[in-house]
Amino acid sequence: MPQFTFGELLFLGLTLTLSLVASLLIVVPLTGALVRLRANYNPKALQLDPEGNVNVHTGPIVTSFFGMLQRVYRIEGIPGLYKGLMPTALASILMTGFTVFALDSRGIANHNRPDAVDTGFFGAVVSSTFAMLISLPAAILTYRSIVTPYKLPYFNAIYSLRVLLTPTERRRPWVLYLTPGLLAVQFLRILYPLAVLRSFRLLLLANNFSSFKFGIYLGIEMLSVAITCPLEVMATKLAIQRNHATADYNSVEQEVEDDAVETHEFAEYSNQEEDVIGLRHERDPYLGFIDCFKQIIDEEGWQTLYRAWWVTMLAAIASGGAFAAQYQGDA
């Protein structure tokens, strides 16, 4: 790691701190609304529980991103908007620290662009998969901390983990990786951009960059939302699915009564009788990637897979613009 002067360290520290605080103040409420909108369980018809009884509980009918943002504020107030702040902040700090130490930090401090390393397709798949495996528990905890109706203290991780994780998950943390369908969805979210979008980038943008070619590529990015948005919705619903499996059950069957949170032990965010969102009953989990896809369509309708599709579209446009700037700069 290069040596720094005190002034460089001070400038880098202040810049990173201010940018991190500003981004968290804006990103956390927006991310929370997006996660809750996509996680909300709102079946089209009455459902039967595992005993065959009619289950009339459904989630609120909230169809818009800003409608969910308003609902969160109305029911849980400002604290509710910032649920998920601590895991998001910790993950951001770790990623920022890794970037500073792994990349040319002196270049970053002097506003120079670090050189990207082209590892090829298989190298990119391996590195992206490794990063996903490392970050997956943090993503699960973040999503669950956003959708939980219980208050989580900012500086009591043990208490928060008791709320967010089942006893099975606390005893065997690797069970989080065995959540049915979650790894498959996350791997597809990695594979599609690398196998499909990267190929089009190399074909259209790598040599002889032009506005026409960029327009074609941007159109492909935007059309890809038809694939990437359902994967994002499924990833959200699967990440909040808690694992109650014990030695007497397989990884699919759930034991809820002896392994669930006792509601009287934990304080809720709101004293109102209504929750911000409805969640699928833990006795009826998604059994895998295909089952999740089918159940969402059968129970909630195919439109559920495209909740807040425009957010994914904006991300695709921003991604296309970033790659265009990169290839223009290399030309």
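With 33% relative accessibility, I317 counts as partly exposed, since that label covers the range between buried (under 20% relative accessible area) and exposed (over 50%), using a 1.4 Å probe and protein chains only. I317 sits in helix α12. Helices here are DSSP runs of H or I with at least four residues, strands are E runs of at least two, and both are numbered from the N terminus.

Before going further, a word on the model: it is predicted, so local features need pLDDT of at least 70 and side-chain atom pairs count only at pLDDT 80 or more, while totals for chains, interfaces and linings use all residues. Residues are numbered from 1 along each chain as its sequence is written, and side-chain values use heavy atoms, leaving out hydrogens and water.

Let us stay with α12, which spans residues 309-330 and also holds A316. Is A316 buried or exposed? A316 counts as buried because its relative accessibility is 9%. Setting aside neighbours within four places in sequence, A316 is in contact with L218, E221 and V225, where contact means heavy atoms within 4.5 Å. A316 and M222 are 94 residues apart in sequence, yet their C-alpha atoms are 6.1 Å apart in space.

Now step inside. In soluble globular proteins, nonpolar side chains tend to be buried together. The largest nonpolar core here has 22 residues, and L37, M68, V147, V276 and I277 have the most contacts inside it. A core of this kind is a set of buried Ala, Val, Leu, Ile, Met, Phe, Trp, Tyr and Cys residues joined through side-chain atoms within 4.5 Å. Its largest share, 8 residues, comes from α1. Apart from this core lies another, of 20 residues, including M132 and L305.

Finally, the whole chain: it has 12 helices and 2 strands, and 40% of its 331 residues are buried.
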